[in-house]
Amino acid sequence: MNDYAGQHEVISENMTSQITTELARYVQELKQERKSHFHDGRKAQQHIETCWKQLESSKRRFERDCKEADRAQQYFEKMDADINVTKADVEKARQQAQLRQQMAEDSKAEYSSTLQKFNHEQHEHYHTHIPDIFQKIQEMEERRIVRIGESMKTFAEVDRQVVPIIGKCLDEITRAAESISQKDDSQLVIEAFKSGFEPPGDVDFEDFTQPIKRAVSESSLSNSKDGKPESRFSSKSKGKLWPFIKKNKSPKQQKEPLSHRFNEFMTSKPKIHCFRSLKRGLSLKLGAGPEDFSNLPPEQRRKKLQQKVDELNKDIQKEMDQRDALTKMKDVYIKNPQMGDAASVDHKLAELGQNLEKLRSEAQKFEGWLAEVEGRLPVRSEQTRRQSGACEPQNTLTVNHCAQDRESSPDGSYTEEPSQENEMKAPATDFDDEFDDEEPLPTIGTCKALYTFEGQNEGTISVTEGETLYVIEEDKGDGWTRIRRNEDEEGYVPTSYVEVFLEKNAKGAMTYI
């Protein structure tokens, strides 16, 4: 069977190298040739259309000059018959009529020349150029048909080369099938799976009328150490000696010794996730972007970091639960050595400890980034205290800074974290309650969309090229600018997509793109 499959692989390789590759290259050549022929056809069509337009223009010019010459001749005759007209006017009218007549003659000659040229070009177009193009396309198609026939012939040759070998393989398969011995195969299965148990002996008679202590029969199926004989057809022996009895699937029959559970736990690799697989999963989820999600808008970055911290905390909790389970199992083994070796658990406990340390360091790293985004770092909190103390209605720039520091989500909502309250240690007053219902951020300028942007992610807004909007938060260095269309529509757009015009009282009145 392997040789038979190998011959088909040979056919596939030969077809790929001798037919498929060559045909693919030939098809590309045909596409280029066909494109060239169609280009020549369009060029010839455009040329004949241009000649027709020139002929129509010359015809209209000739018609116009003839009408002008007739009118000039009629005007001259009218002036010549009028006795009240001076001789100078009559001479002027006669010269004008002669000029118009000469122009009509010139137009007639031009029209005649253009007509002859067009008739010649039209004859060449329909009897020479177009037939040549169609002939070339026909020859190209004929070459393609011949090439397909050659490819089919090549396929037949490739297949014919391996036919003798395939025939031998089929003959060997037939002989192997005829040499099958069902008796020998059955005996091999019996030898591989026989249990080796000896049939039990006769059961001794136990006389319960005698008060003496009865000894356990050696022929019984008891394996108890305290002298209590088990049932002859207990659940354990029944599974070994009587395989045709239907097994009971009740929960009571599924209980196993603790050592069996531990062996299953030790050999079940998917249940204990190593840090290598966790790190690989993190890299797949993070993708090719920065690990701290610095390429995302502020609100999206905060959500991504929060999601990553939650996932790491869940993994840490799983590792801790597994460590607690192994610790309890080790204690059981220490108290009952016959149930298992306590030293065999130490390796897994050490591995779990290393995984916990790595996961905790990862979680601490992402929590630090999250705290930086939410403003929960000590440096950020001190800056916030200074800015909140400096917030006065008279200073527009300071008000803008304070409002931007309070702003933590693209939709304008503000959620105060408990950690901020502990770090600030400021008592709740009526003054603080005034900021619960935050007013929308004031506009600091306007912007014009240079390109169309489809805001599909959360926190972004779609803009159309040429649209004018209001700027409420300039670029913080992350490449995003916060804009507003109306009271209900605001969000982030890439800074490179808009041209921003800041107001004079907004950070130096800079105009940038």
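These questions and answers go through salt bridges and cysteines in a predicted model.

Colleague: How many salt bridges does the structure hold?

Modeller: Side chains of opposite charge can pair when their charged atoms come close. A pair is counted when a side-chain nitrogen of Lys or Arg lies within 4 Å of a carboxyl oxygen of Asp or Glu. By this rule the count is 22.

Colleague: Which residue forms a salt bridge with arginine 61, and where does that partner lie?

Modeller: The closest N and O atoms of the pair are 3.1 Å apart, and the partner of arginine 61 is glutamate 110. The bridge links distant parts of the chain, 49 residues apart. Arginine 61 belongs to helix 1 (residues 2-81), while glutamate 110 lies in helix 2 (residues 87-178).

Colleague: Which helix holds both lysine 308 and glutamate 311?

Modeller: These two residues form a salt bridge, with 3.4 Å between the closest N and O atoms. They are 3 residues apart, about one turn of the helix. The helix that holds both is helix 7 (residues 298-335).

Colleague: Is lysine 308 buried or exposed?

Modeller: A residue counts as buried when its relative accessible area is under 20%. Glutamate 311, with 22%, is partly exposed. Lysine 308 has 5% relative accessibility, and therefore counts as buried.

Colleague: What is the N to O distance in the salt bridge of arginine 485 and glutamate 489?

Modeller: Arginine 485 is partly exposed, at 25% relative accessibility. Glutamate 489 is partly exposed too, with a relative accessible area of 36%. Their side chains meet in a salt bridge with an N to O distance of 2.9 Å.

Colleague: How many disulfides does the structure hold?

Modeller: A disulfide needs a pair of cysteine sulfur atoms within 2.5 Å. Among the cysteines, cysteine 51 is buried at 6% relative accessibility, and cysteine 447 is buried at 1%. The number of disulfides in the structure is 0.

Methods: Residues are numbered from 1 along each chain as its sequence is written. This is a predicted model: local features need pLDDT of at least 70, side-chain atom pairs count only at pLDDT 80 or more; totals for chains, interfaces and linings use all residues. Side-chain values use heavy atoms; hydrogens and water are left out. Helices (H or I, at least four residues) and strands (E, at least two) are DSSP runs, numbered from the N terminus. Buried means under 20% relative accessible area, exposed over 50%, partly exposed in between (1.4 Å probe, protein chains only).
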